[in-house]
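This tour moves through a set of charged side chains, one selection at a time. Please open the model in the viewer and follow the stops in order.

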Amino acid sequence: ICVVDLKYDTKQNNVQVSSRMFINDLEDALKKTSKQNIDILNPANKSQTDSILHSYITQRLNISINSKKQKLNFIGYEKEEESIWTYMEIKKCGLPKKIAFEAKLLYDFLPAQTIIIHADVNGVKKSTKLNNPDSKAEFSF
């Protein structure tokens, strides 16, 4: 199971996007896509690992706000038990009225993968669940 959280920050006029994946699943996927041995918790080259991780996520998580595709800026990641939380932001996007997701995180290697998506805009919270191969979700606020 993968979780994607999206939260609109009214003060910054930004959107924070975080995703949680199990370390072993994510490392397996990164090894297969990058053809490199990836150790997220003890990276030999942190900037290279960050780059591979950011590339993997942005190829499999697309977010459009108000019908405009957004760029996910990578901030970093941290460990929580057996999972990794990755943090990204969308800068200066305006108040989201419609958010469309195309999410395929870990779909290429885990046929039974489920992605849970949460969105919070001005205190209004919406959630949905996608089961591989379903990858599209949309919320209106």
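Begin by selecting Lys-46, which is partly exposed, with a relative accessible area of 44%; in these terms buried means under 20% relative accessible area, exposed over 50%, and partly exposed in between (1.4 Å probe, protein chains only). The model is predicted: local features need pLDDT of at least 70, side-chain atom pairs count only at pLDDT 80 or more, and totals for chains, interfaces and linings use all residues. Residues are numbered from 1 along each chain as its sequence is written, and side-chain values use heavy atoms, with hydrogens and water left out.

Lys-46 forms a salt bridge with Asp-50 (a side-chain nitrogen of Lys or Arg within 4 Å of a carboxyl oxygen of Asp or Glu), and their closest N and O atoms are 3.1 Å apart. Both belong to helix H2 (residues 46-60), where a spacing of 4 residues separates them by about one helical turn; helices are DSSP runs (H or I) of at least four residues and strands (E) of at least two, numbered from the N terminus. Asp-50 is buried, at 17% relative accessible area.

Move on to Lys-91 and Glu-89, a salt bridge with closest N and O atoms 4.0 Å apart. Glu-89 is buried, at 16% relative accessibility.

Now select Lys-136 and Glu-102, whose salt bridge has its closest N and O atoms 3.9 Å apart. This pair links distant parts of the chain, 34 residues apart: Lys-136 lies in strand S10 (residues 136-140) and Glu-102 in strand S7 (residues 98-103). Lys-136 is exposed at 61%, whereas Glu-102 is partly exposed at 25%.

The structure holds 6 salt bridges.
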